[in-house]
Every structure is written in structure tokens, then in C-alpha cells.
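Start with the overall dimensions of the chain, then turn to its charged side chains.

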Amino acid sequence: MRVFVVNSGSSSIKYQLVDVVTEEVVLSGLLERLGQPGGDAADHRAGMRVVLDRLGSEAASIAAVGHRVVHGGSVFTAPVVIDDDVVAGIEAVSALAPLHNPANLAGIRAARLAMPGVPHVAVFDTAFHQSMPAAASTYAIDRAVAAEHGIRRYGFHGTSHQFVAGRAAAVLGRPLESLKLIVLHLGNGSSATAIDGGRSIDTSMGLTPLAGLVMGTRSGDVDPGVLLHLERAGLPVAEVDAILNSRSGLLGLAGSSDMRDVSAAAEAGDPDAELALEVWAHRIRHFVGAYLAQLGGLDAVVFTAGIGENAPALRARALAGLQHLGLAVDADRNAERARAPRIISPDDAPVAVLVVPTNEELAIAQAAATLVG
């Protein structure tokens with residue numbers, strides 16, 4: 001069975017044709033600068049026609065189309081087959097993700113017009129975290145205000161966290177339902193999730209992807225009073241937004257949002273870069289400790305995404321000093337470069353440490369295939 005996976009941005013369409021049985025990527029590509037001079041197409045509808053031309057005869061093999069949707073609010077708790085009501089529902093929660101959901105909807109509308117003969121499925125980044133207990137998802141603010149504006153912790157990267165947890169269970173040779181895991185999705189955007197028996201019980205991102213870990217350009221957790229302080233100092237809301245989302249994180253601390261640049265600068269003796277790495281690692285250790293307490297035990301910590309999969313020194317730094325919690329990495333195993341999921345902790349470690357490559361496109365394809373049968 002083949003599923004066509006669409007990840008639509010405001011001016012881009014990223015796509016893959018995936019065989020969900022063999023897990024092979026049959027075809028993939030990217031359209032960029034849609035609607036811009038010199039771009040690949042005039043808009044998403046025209047872009048989807050370009051994609052169909054690229055697919056050629058392979059288009060006839062598509063059994064379903066899977067769409068990544070960033071925010072499902074409290075409405076969408078699992079993948080759903082898209083109809084007009086679902087489109088309206090996604091639109092209704094778009095205020096919670098104004099940079100992402102409208103772009104996702106543009107891709108959905110264009111793909112439904114271009115491929116009307118197959119089912120389309122929406123897979124939501126937030127859905128996996130809907131299993132969090134109220135104590136974890138509730139902010140301690142005025143209840144009426146929270147209800148009116150949909151303010152709660154939603155969490156993101158859920159498709160990745162769920163996929164990686166399943167692969168980790170296979171590596172450990174144990175049922176996912178028996179495991180207590182902490183998954184660290186570390187990239188330009190980063191999040192940590194506590195997973196108990198295959199269910200998310202806590203996660204570091206919140207109402208938006210701004211909260212939690214230190215990221216490429218996002219601050220992660222800050223005292224809410226910082227925002228008020230900056231506004232009282234005369235900075236407009238848009239400027240505060242830009243600072244926290246686009247000029248903070250590694251970029252704000254060390255001058256680059258690319259972890260490779262920051263690591264190289266730290267090795268060369270740059271004190272700002274070294275501090276950035278320590279703040280980054282300190283925040284990870286904070287969440288690991290907190291989630292171990294919430295889980296009431298721990299079977300494995302799992303690294304994934306760009307930094308988590310490809311930066312051995314940073315994996316070791318992130319867990320440094322946590323030996324008393326049973327967490328350690330074997331230097332040789334950690335240094336190994338491989339694409340396969342693997343254990344990098346010593347054989348006698350009380351808690352396993354794994355590296356598991358994520359594959360959100362495959363996860364979306366599998367979810368769509370499961371839903372449409």
C-alpha cells in the first residue's frame with residue numbers, strides 16, 4: 001500500500017510517496033517559494049499540479065494522502081479522514097497556530113482538488129499528547145480566561161515522539177505498553193516527552209512550540225514576567241514575539257542557530273558558545289529529572305531528530321552527571337555513526353539510552369494507512 005504524504009508550508013510543499021509495507025520512499029521532492037518571483041509555482045493549487053506531473057504514472061498507485069497538520073486543538077485527538085467538516089474544524093483552531101495551520105490547510109485544499117479519488121487523512125502534531133492528565137495539561141490561570149481562549153498545554157512533535165517510542169520498544173525487545181520512556185526530540189525545534197505505556201503523560205512544549213527546551217531560535221521556558229517587563233519597557237507585542245521566537249535560543253546566546261556552529265565555537269574557546277551549550281544541556285537534564293519523577297521509574301531515554309541522532313558529544317553532555325539516576329553512555333557505542341536504532345548505554349546500565357532515527361513522513365503514512373484500511 002502506498003501513501004502520498006504532504007507537508008505544506010506557507011510557501012512550500014514537501015512530499016513523499018511511501019510504501020508502508022516495505023517502508024521504502026518511492027519518490028520525494030520539495031516545491032519552494034510558491035507565489036514568489038522565480039518560485040516553483042504560482043500558489044499551492046498550481047504547485048500540486050506540478051507535483052502530480054512529477055509523480056507521473058506513480059500517481060495511480062496512491063491509496064491515500066496523509067497530511068501533516070500542526071495543531072488539532074482539543075478537538076482532534078487522533079488522525080481523521082478529511083471532509084468538509086474536518087477542514088472547518090482545523091480552520092477553527094488555527095488561531096492557536098497562525099503560522100502553520102493556514103499553510104497546512106492550503107495544502108489540504110489543493111491536494112483534495114488534485115486527487116479527489118482517494119481518501120485524505122489529517123495527522124496532527126498535537127494528537128499524541130491529548131492523553132496527558134489534566135494536571136499536566138492545565139495552566140494555573142483564571143479558568144474562564146483559559147476556557148474562552150483555549151489556553152492549555154497541547155504539546156507538539158507528537159507524531160515523532162509516538163513513532164520513536166514504538167521503535168525504541170522494538171530495539172529493547174519489550175512491549176511498548178510495559179515501558180516508561182523519556183524521548184528527547186532534539187533539533188532546531190526541540191521537545192521532551194514522558195511516555196508511560198505508550199501514552200504521553202507530559203511534554204515540554206505548551207500552548208505553542210515556544211515552551212520547554214532551548215532551541216535554535218526559540219527561548220524555551222522563560223518567566224512570564226519577562227514578557228510583561230519588556231512590554232512595560234516599551235517593546236510592542238510583535239517585537240517581544242520576534243525576540244522570543246526568532247532571536248533567542250542558541251542564536252540569542254551564541255550568535256548562530258546552527259548547533260554545529262555553536263559546538264565549533266565552543267571548542268575554539270568562545271565563552272558565549274560554551275555557556276549556550278551548558279544552558280542547553282542544563283534544560284534537558286531538568287526535564288529528564290522531572291519526567292523520571294512523573295513516570296515513577298524509567299526504562300530508557302531515547303535521543304532522536306537532527307541533533308539527537310547526529311551529535312555524540314552533545315548526547316554525552318546532555319546526560320552528564322546523571323549517573324546517580326542510572327543514566328550513562330558508553331563512549332565507543334555513543335561515537336558510532338549509524339542510521340539504525342541502537343543502544344548506546346553500557347550493558348549493565350540500570351536505564352537504557354538509545355538513539356532512534358525519527359521518520360515523521362513514514363509515521364504519517366502508517367497512520368493514514370491504518371485509518372483507511
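In this predicted model, the protein chain has a radius of gyration of 21 Å, which agrees with the value near 21 Å that a compact globule of 373 residues would have. The C-alpha trace spans about 55 × 55 × 45 Å along its principal axes. The chain is built from 15 helices and 12 strands. Of its 373 residues, 48% count as buried. Among contacts between residues at least 6 apart in sequence, 64% join residues at least 24 apart. The accessible surface comes to about 16,500 Å², and carbon and sulfur atoms account for 53% of that area.

Next, the charges. The protein chain carries 28 positive and 39 negative charges, whose mean positions are 1 Å apart. Side chains of opposite charge can pair when their charged atoms come close. The structure holds 15 salt bridges.

One of them joins arginine 174 and aspartate 299, with the closest N and O atoms 3.3 Å apart. Arginine 174 sits in the loop between α6 and β7, and aspartate 299 in the loop between α11 and β10, so the pair ties together parts 125 residues apart in sequence. Arginine 174 is partly exposed at 35% relative accessible area, and aspartate 299 is partly exposed at 23%.

Another salt bridge links arginine 109 to glutamate 91, at 3.4 Å from N to O. Arginine 109 belongs to helix α3 and glutamate 91 to helix α2, 18 residues apart. Arginine 109 has 34% relative accessibility and counts as partly exposed; glutamate 91, at 45%, is also partly exposed.

In the salt bridge between arginine 260 and aspartate 258, the closest N and O atoms are 2.8 Å apart. Here arginine 260 is exposed, at 66%, whereas aspartate 258 is partly exposed, at 25%. Finally, Glu274, Glu278, Arg285 and Arg317 are connected in a salt-bridge network.

Methods:
Residues are numbered from 1 along each chain as its sequence is written. This is a predicted model: local features need pLDDT of at least 70, side-chain atom pairs count only at pLDDT 80 or more; totals for chains, interfaces and linings use all residues. Side-chain values use heavy atoms; hydrogens and water are left out. Helices (H or I, at least four residues) and strands (E, at least two) are DSSP runs, numbered from the N terminus. The radius of gyration is taken over C-alpha atoms; the globule rule is 2.2 Å times the number of residues to the power 0.38. Buried means under 20% relative accessible area, exposed over 50%, partly exposed in between (1.4 Å probe, protein chains only). Contact means heavy atoms within 4.5 Å. Accessible areas come from the Shrake-Rupley method with a 1.4 Å probe; for residues, only the protein chains shown count as cover. Lys and Arg count as positive and Asp and Glu as negative; His and the chain ends are not counted. The place of a charge is taken as NZ of Lys, CZ of Arg, CG of Asp or CD of Glu. A salt bridge is a side-chain nitrogen of Lys or Arg within 4 Å of a carboxyl oxygen of Asp or Glu.
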